[in-house]
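Welcome! Take a moment to turn the model around on your screen, and then let us walk through some of its features together.

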Amino acid sequence: MADLESAAALDATDGALLTELQSSVPLTRRPYADLGARLGLDEDDVLDRVERLRADRVIRQISAIFDTAALGYRSTLVATAVAPARLEAAAAAVSAHPGVSHNYERDHGFNLWWTLAVPPGEDLRAHVGALHRLSGASSTRLLPSLRRYKLGVHLRTGGQGGRRPAPPATPAADGPTTPGDADTSRRRRRRDGGPRPLSDEEIAAVVVLQEDLPCDPTPFATLAAQHDADEDALLTTGDTLRARGVMRRFAAVLHHRRAGFSANAMSVWAVPEHEVDAYGEQLAAVEAVSHCYRRPTYPDWPYALFGMLHATSEAALVETVEAFRRSSGLERHELLRSLREFKKARVRYFEPTHSTWAEANLVEGDAGRALDKASVD
């Protein structure tokens with residue numbers, strides 16, 4: 001479990017480097033030298049700064065960011081209501097699942113929020129049902145993405161002020177970038193019978209490229225050696241995965257608060273069903289919104305539109321929400337703030353921990369648990 005942290009001290013060069021790292025780390029033999037060339041820095045300076053920014057907990061991880069569905073995995077956001085007295089035990093039970101990447105306490109009746117991904121062939125609902133049972137939750141809601149309007153705006157750091165959108169990317173490299181076309185790739189995969197199965201060579205590359213990139217001059221050679229792989233083949237396969245959209249990008253993820261964005265909240269909005277897409281595109285256009293999705297509603301959860309907000313102060317966050325409320329005319333909404341971070345880590349794909357967890361924890365009846373009712377015993 002992590003406490004919410006204060007911002008680290010960053011200079012303008014740190015900020016410029018973090019912007020590049022969030023955008024794209026080149027899949028080359030000497031990526032830190034190539035990053036330096038973009039910024040007018042030598043390789044040693046880049047390496048020193050990356051090492052310091054990691055030590056200062058500004059950089060969380062540098063690795064491949066994969067499209068979960070393109071790998072054949074199924075995923076969902078989940079909201080659970082847990083008695084406050086057993087919240088930490090419930091969070092520990094949820095975090096123990098290797099497919100849980102995010103797990104937060106939020107200031108709401110649904111007080112434990114987590115994301116889950118399961119490998120090809122696994123029953124997503126059964127895993128959620130098992131975690132509902134193991135956590136002792138009173139209510140659990142599956143909130144999978146029905147449509148994505150925005151994903152992956154980068155934080156502008158180091159005194160540069162505000163945020164900057166991700167640089168333009170081709171749809172093949174980073175998924176659709178136009179809100180109205182946000183799920184074109186997913187629709188195409190469904191029409192074509194789902195994602196193309198990965199080859200053994202591609203799966204092996206995923207296993208390597210999901211590792212945190214070492215801070216040395218030839219980090220991909222280091223990773224390849226650790227996994228008994230060939231560096232050139234690894235980089236070539238990585239380029240192929242990125243071109244196909246299986247890898248969204250190879251980049252850094254930051255600790256938002258350490259990077260200066262101390263005010264963060266998930267905004268949820270009740271929207272007329274036939275107007276969700278229109279409002280979703282409008283919310284996605286807000287600069288402070290990093291992630292924007294349409295999700296299911298329930299009798300006790302009327303909010304179809306989700307937008308994750310990041311701001312440098314609580315006042316700026318509130319003003320952003322108020323400005324959207326005024327411009328959209330949407331009145332019914334809530335701001336769900338993170339109180340504690342129990343887990344935040346990228347899912348590790350194609351590892352035996354998933355099947356080991358399933359064998360040890362799934363029981364008959366987990367898939368049939370009434371997770372979509374107003375309450376669950």
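## A charged patch on the surface

Let us begin on the outside, where Asp-42, Asp-44, Asp-48 and Glu-51 come together as a patch of negative charge. In such a patch, each residue has over 30% relative accessible area and no salt bridge, and like charges are joined within 9 Å. Asp and Glu count as negative, Lys and Arg as positive, while His and the chain ends are not counted. The place of a charge is taken as CG of Asp, CD of Glu, NZ of Lys or CZ of Arg.

Helices (H or I, at least four residues) and strands (E, at least two) are DSSP runs, numbered from the N terminus. Asp-48 counts as exposed because its relative accessibility is 51%; exposed means over 50% relative accessible area, buried means under 20%, and partly exposed lies in between (1.4 Å probe, protein chains only).

## How to read this model

This is a predicted model, in which local features need pLDDT of at least 70, side-chain atom pairs count only at pLDDT 80 or more, and totals for chains, interfaces and linings use all residues. Residues are numbered from 1 along each chain as its sequence is written, and side-chain values use heavy atoms, with hydrogens and water left out.

## The protein as a whole

The protein has 13 helices and 13 strands. It is made of 377 residues, of which 52% count as buried. Its accessible surface comes to about 16000 Å², and carbon and sulfur atoms hold 51% of that area. These areas come from the Shrake-Rupley method with a 1.4 Å probe, and for residues only the protein chains shown count as cover.

A contact means heavy atoms within 4.5 Å. Among the contacts in the protein with a separation of 6 or more, 78% are between residues 24 or more positions apart.

## Salt bridges across the chain

Side chains of opposite charge can pair when their charged atoms come close. A salt bridge is a side-chain nitrogen of Lys or Arg within 4 Å of a carboxyl oxygen of Asp or Glu. How many salt bridges does a search of the whole structure find? The search finds 27. One of them joins Asp-212 and Arg-54, at 2.7 Å from N to O. This pair links distant parts of the chain, 158 residues apart: Asp-212 is in the loop between helix H8 (200-209) and helix H9 (219-226), and Arg-54 is in helix H3. Asp-212 is partly exposed, because its relative accessible area is 33%.

Arg-244 and Glu-202 form another salt bridge, with their closest N and O atoms 2.7 Å apart.

## A loop residue and a strand residue

Arg-29 is in the loop between helix H1 (12-23) and helix H2 (31-39). It counts as partly exposed because its relative accessibility is 45%. Although Arg-29 and Glu-231 are 202 residues apart in sequence, their C-alpha atoms are 8.1 Å apart in space. Not counting residues up to four places away in sequence, Arg-29 touches several residues, including Pro-217, Glu-231 and Leu-235.

Ser-267 lies in strand S10, residues 263-269. Why does Ser-267 count as buried? Its relative accessibility is 1%. Leaving aside neighbours within four places in sequence, its contacts include Leu-283, Leu-305 and Phe-306. Ser-267 and Leu-305 are 38 residues apart in sequence, and 8.2 Å apart from C-alpha to C-alpha.

## Two residues with positive phi

Asp-228 is not a glycine, yet it has a positive phi of about 55°. It is placed in the loop between H9 and H10 and is exposed, at 76% relative accessibility.

Phe-350, also not a glycine, has a positive phi of about 55°. Phe-350 is in the loop between S13 and helix H13 (353-361), and it is partly exposed, with a relative accessible area of 26%.

Conventions: Patches are made of residues with over 30% relative accessible area and no salt bridge: like charges are joined within 9 Å, nonpolar side chains (Val, Leu, Ile, Met, Phe, Trp, Tyr) within 5 Å.
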